[in-house]
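The following briefing is arranged by topic. Please read it alongside the sequence and the structure shown here.

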Amino acid sequence: MKKGEDSGRILAHMTSSLPVTRREFLKRMGILGGGIVVYISVGDPSALAQPPRSGALFAGVPHDFNAFLRIGVDGEVTCFTGKIEMGQGIITSLAQMLADELDVPFVSVDMVMGDTDLCPWDRGTWGSMTTRFFGPILREAAAEAKAVLMELAAEYLKTPVKRLMAKDGVIFDKGQTGNRVTYAQLTQGNIVERHVKRKPPLKPASEFTVTGKPFPREDAVDKVTGKAMYAGDIRLPGMLYARILRPPAHGAKLKGLDTSGAKQMKDVLVVQDGDLCAVLHEHPDEAEKALSRIKAEFDVPKTTLDDENIFDHLLKVAPEGSIVSRGGMLESGNKLARQIFKETYLNSYVAHAPIETHTAVAKLEKGKATVWASTQSPFGVKEEIANSLGLPSQNVRVIAPFLGGGFGGKSFSMQAVEAARLAKLTGRPVHVAWSRAEEFFYDTFRPAAVVRITSGIDGSGTIVLWDYDVYFAGSDGAEQFYDIPHHKEVSHGHWQGASGYHPFGTGPWRAPGTNTNTFARESHIDIMASKTGMDPLQFRMNHLRDRKMRSVLRAAAEKFGWIPAKIPSGRGFGVACGIRSGTYVATMAEVEVNKNTGAVVVKRVVCAQDMGLSINPEGAKLQMEGCITMGLGYALTEEIRFKRGEIFDLNFDTYGIPRFSWLPKIETVLVRAEDSPPQGGGEPPIICMGAVIANAIYDAVGVRLFQLPMTAKRIKEALNKV
Amino acid sequence: MEESIHFKLNDKPVNMTVDGQRMLLWVLRTDLGVTGPKYGCGEGLCGACTVLLDNEAVLSCQTPVRELNGKEVITIEGLAQNGKLHPLQKAFIKHDALQCGFCTSGMILKAYSLLRGNPQPTREEIIQGMDENLCRCGSHIRIVEAIQTAARELKGGHEI
């Protein structure tokens, strides 16, 4: 994606192949007339900003010529990043960082993102990692470029570097400000290439003029005028729209196929290649009609799994766990404990449900594939396409335009491979946009998961024992941050379920693992607080030495106006806290429960967050609000119902996502922490939403919900048991 | 059945011969190359495909093109006049009332229709009026604020 008037045109027409020579690459960079290019050092793993997990799928090879940034002859700065923009706002925050480090105005930074031919290799955009891991490297590249500019300026102005200063793309002599030169003048006719090797000194936060200030989104104008291009908006001459035959259930096998009805239709192309059967037409609605004329018979799997018995199944098949954290000895804790609390927490499968379904447009020309795809991992998809088509990797170019939401679900991009295969089979450009039903069916859901906790408190109301097992949510967020002398946290399985565990695909869902673990831990803490008769905030503080966690809890309490009370108090107040991607979050909520129907209204949510240095505070707050609003869904309604591999929730009529009418009053607080490095911002506040609402429901009506989502039906059932 | 359809699209006349039962969304996106309206659910459940038909918000994935005859369609591409953004567009930018942007065109056009019928809606009326439009990123709170701001400007109040 590229900001600016011509983004669509550029995207649709820059289709030439991967550069193979340095000259070709410099040409692609547009700097044959002069400019500065800063490369990453190939072979330095830290420069690739890669997370440690899920290696094989994304084991890409960095190319020889990968640039982070370019300063052109016009003095304009272009940032190249394999990261993609899916709404989280990095198109703005990365530009802010670059503008500061390079001393150029924010408006002269252009972003080119998610294009595998132009951008440095990147593992993918997820896990709130862009700002934390890519950000520092980008700043180093910028500092390197700045150093080059200073050297060039010293020569040009015949003044030593130490007397020079840069501001707004101009370098001048501090003692004689008329002695000056612009970046544009310096890059004219000069090609300078640098690799980031040493660590150049970075600016301290106190010198930032752009970072840390609220900035309007780079992409806002394009998005309010309809100019912003998403994968499905790419239109190529001769392009066909494909609809693909799908099984009725996961695990179903094709038994019989009759495509004659579709073949009779005018201008409809029917393609069959192994497991792939598709109909194509120049109009998507005509292709849809053709699909409905295909007769297919499937063998449906014999599995008896459904959304109710899944938890027993998961516990039965769970692998041995691995220890996440531990301290003391559980037996000692057991001896000290006067009261034991043993509970099991469940959460159902949850869909990503971005409003844009998985979409891709592919074309093949002269043995080279270009694929525009809504994907969070363009480089991973590139390899998958190369493998599937039998093409050398350098003959595949993947471009991720703006994404209409991802939330982890577009880390897997089968649709891009499908489009590429169909383009090869038909010899024409092919557009694949999954229907909403396909989107739900093939989603890599947030896994159903189970957490079992046995804890104990001593005679003084102090937690002395914490024995914690999480099944299939993963270890993120399971680590203990309360001060408990005897504890052990064990994680069995992972959110990326291997086959045999889940009846369909699972994968990362905004803050993977941490939503489940936070729901269980914070619910359980409240259960103990209630039993001791202590205020739940005070009870937490009694077990917390961590300064950051104490400070976010205090900040939330102050904003909320928390008045200590025994729970349940009848007020409907809840508190929960947690850590995600290095960011500390404390959330408080007020709910109202209708005792007759079990329906919950969340009236107010206050969230305080310590995310270190905030690059774009307005963008950070927007992410916090987004997390809180989205989190209402997995807390209250969102779950995938299924039986024997068939998914019952295939559209928004039965799968309820948060709406305007659910809106609580939302208040966000960014705890000031300019001097610590920036942490993740796209996920953290979502992690507390299950627990804070569960705790508020308990405070309101005295019933405890042990399963997410806390639907009106489940709440009513719990009320009936009282 | 192919039939001749005439309507105005973003201030320009359109004359086409087309199967009148086809849904407006696909005719706009494929035949006419107007990609602002988005496919989100195909069943009229999300509002991403919202366009204006004679200034009323309609779901283009549920509107057969036959119904357009003699009428005027405005998509997000046609909302700005003479390069000047509509107050709603300005307000969405000002309030950061979008993230991924995929629901944005539908949100703005739905809000346009809402304000036309009720120029000074209360917060509750905005929430009620917008409830059928889905946003997955959770920008709701800012969208409500943006609509309030735009309503004030449209009423002749201060510039956004």
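Two strands count as paired if DSSP finds at least two bridges between them. Helices (H or I, at least four residues) and strands (E, at least two) are DSSP runs, numbered from the N terminus. This is a predicted model, in which local features need pLDDT of at least 70 and side-chain atom pairs count only at pLDDT 80 or more, while totals for chains, interfaces and linings use all residues. Residues are numbered from 1 along each chain as its sequence is written, and chains are lettered from A and ligands numbered from 1 in the order in which they are written.

**Three-stranded sheet of chain A**

- Strands β5, β6 and β7 of chain A form an open sheet in the order β5-β6-β7, with antiparallel pairing.
- Its edge strands are β5 (164–167) and β7 (176–182) of chain A, each of which pairs on one side only.
- Four bridges join strand β6 (residues 170–173) of chain A to β7(A) in the antiparallel sense.
- A:F172 stands opposite A:R180 in β7(A).
- On average, neighbouring strands of this sheet are turned by 30° against each other, direction ignored; axes are lines fitted to C-alpha atoms, for helices over the stretch in contact, and angles run from 0 to 180 degrees between N-to-C directions.

- A second open sheet has the strand order β23-β24-β25-β28 (chain A), and its pairing is mixed.
- β23 (573–580) and β28 (665–670) of chain A are at the edges with a single partner strand each, so one side of each is left without a neighbour in the sheet.
- β23(A) pairs with strand β24 (residues 583–593) of chain A in the antiparallel sense over eight bridges, and A:I579 stands opposite A:Y584 in β24(A).
- Helix α16 (residues 547–560) of chain A packs on the sheet and touches β23, β24, β25 (600–610) and β28 of chain A, its direction making about 135° with that of β25(A).
- Helix α17 (residues 617–636) of chain A also packs on the sheet, touching β25 and β28 of chain A, and its direction makes about 135° with that of β28(A).

**Interface between chains A and B**

- 48 residues of chain A are in contact with 45 residues of chain B; contact requires that the C-beta atoms of two residues, placed from the backbone, lie within 7 Å.
- On the side of chain B that touches chain A, at least two residues each come from α1 (24–31), α2 (87–94), α3 (104–117), α4 (123–130) and α5 (140–154) of chain B.
- α5(B) gives the most to this side, with four residues.
- By class, this side of chain B has 22 nonpolar, 15 polar and eight charged residues; Ala, Val, Leu, Ile, Met, Phe, Trp, Tyr, Cys and Pro count as nonpolar, Asp, Glu, Lys and Arg as charged, and the others, Gly among them, as polar.

**Domains of chain B**

- Chain B is assigned domain 1 (2–78) and domain 2 (87–154), with bounds that come from an automatic or database domain assignment.
- The C-alpha centres of domain 1 and domain 2 of chain B lie 21 Å apart.
- 14 residues of domain 1 of chain B are in contact with 13 residues of domain 2 of chain B.
- β3 (50–53) and β4 (56–59) of chain B are the elements that give two or more residues to the side of domain 1 that touches domain 2, and β3(B) supplies the largest share, three residues.
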